[in-house]
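Welcome! Take a moment with the sequence and the fold, and then let us walk through them together.

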Amino acid sequence: MTRIAVIVGSTRPGRRGHAVARWVAEVAARHPAAVVGEASFELVDLAEYGLPLLDEPVPALFGQYQRAETRRWAATIGSFDGFVFVTPEYNHSVPAALKNAIDHLFAEWNDKAAGFVSYGVHGGIRAVEHLRLALAEVKVADVRSQVVLSVFTDFDYTGCDMTDPTAAGEFTPGEQQEQSVNTMLDEVIAWSVALKPLRADAGAASEGNAVSV
């Protein structure tokens, strides 16, 4: 079975991302591949991992993780075949917590596929542009299709005090957005499966190196 993580990319209190990610996971559970047991989807919330600002003494490329938080994060990411990143746009880029989480690891990301669900004033599209570049460096293959959500049209602020900067509103995605998610998931699943031989080769090589040492 192909295992896909739906990663909540924001850790900010009051974030909209958790509601968006839950919706993505619900749509994913109805995907044909999930229904027949060919793929599974799991919500992964960065806020639950407590990763500090990168403090590993050895670069992630070498896989010599010293911190317990890093090893826990590595075990989680290493268990998946692909990812869906749910991210807002902060100052024309990705949240620092998400970039930090990517930078903590290397091999655990390698030869896997990723899709994107972004949200923000401008739909989060600039955050995903940056995210694609960062993921390329850890050998993640990103799919073309992207789900773009607007804080103006995909959220309902009825009853909210609009002078309150913490008012997140209620997530009410447009009807077309579910099809956008399914299109993106089609690609993530297909690419995750296609990359499986590379992951298998890398795993065999890693075991061989361990034995030779």
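## A helix to begin with

The expected span of a helix is 1.5 Å times one less than its number of residues. With that in mind, look at helix α6, residues 176-194 of this predicted model. Helix α6 has 19 residues and reaches 28 Å from its first C-alpha to its last, close to the 27 Å expected.

Which residues of α6 are buried? They are Gln177, Val181, Asn182, Met184, Leu185, Val188, Ile189 and Ser192. As a guide to reading such a list, an α-helix has 3.6 residues a turn, so residues three or four places apart point the same way.

In what order do the five strands of the open sheet stand? The order is β2-β1-β3-β4-β5, and the pairing is parallel. Strands β2 (39-45) and β5 (140-150) are at the edges with a single partner strand each, so one side of each has no neighbour in the sheet. On average, neighbouring strands here are turned by 20° against each other, direction ignored.

Strand β1 (residues 2-8) pairs with β2 in the parallel sense over seven bridges, and Val8 stands opposite Asp45 in β2. Helix α1 (residues 17-29) packs on the sheet and touches β1, β2, β3 (82-88), β4 (112-120) and β5. The direction of α1 makes about 170° with that of β2. Another helix to look for is α5 (residues 125-137), which lies across β3, β4 and β5 and runs at about 165° to β5.

## Strand β4, covered on both faces

Is strand β4 largely enclosed or left open? Nine of its nine residues are buried, so β4 is largely enclosed by the rest of the structure. On one side are Lys112, Ala114, Phe116, Ser118 and Gly120; on the other are Ala113, Gly115, Val117 and Tyr119. Both faces are therefore covered, with β4 largely enclosed.

Strands β3 and β4 run parallel and are joined by seven bridges. In β4, Gly115 is the bridge partner of Val84.

## Aromatic pairs

How many aromatic pairs does the structure hold? There are eight. One of them joins Phe85 and Phe116: the ring centres are 6.2 Å apart and the planes stand at 25°, under the 30 degrees that counts as stacked, so this pair is stacked. The pair links distant parts of the chain, with Phe85 in strand β3 and Phe116 in strand β4, 31 residues apart. Both Phe85 and Phe116 are buried. These two also belong to one aromatic cluster, formed by Tyr49, Trp73, Phe83, Phe85, Trp109 and Phe116.

Phe155 and Phe171 make another pair, with ring centres 5.1 Å apart and planes at 50°, so this pair is tilted. Here too, distant parts of the chain are linked: Phe155 is in strand β6 (residues 155-156) and Phe171 is in strand β7 (residues 170-171), 16 residues apart. Phe155 is buried, with a relative accessible area of 5%, and Phe171 counts as buried at 14% relative accessibility.

Technical notes: Residues numbered from 1 in each chain as written. Predicted model: local features only at pLDDT ≥ 70, side-chain atom pairs only at ≥ 80, totals over all residues. Heavy atoms only, no water. Helix = DSSP H or I, 4+ residues; strand = E, 2+ residues; numbered from the N terminus. Buried < 20%, exposed > 50% of the residue type's maximum accessible area, 1.4 Å probe, protein only. Pairing = 2+ DSSP bridges. Axes fitted to C-alpha atoms, helices over the stretch in contact; angles between N-to-C directions. Contact = heavy atoms within 4.5 Å. Phe/Tyr/Trp six-rings, centres within 6.5 Å; stacked < 30°, edge-to-face > 60°.
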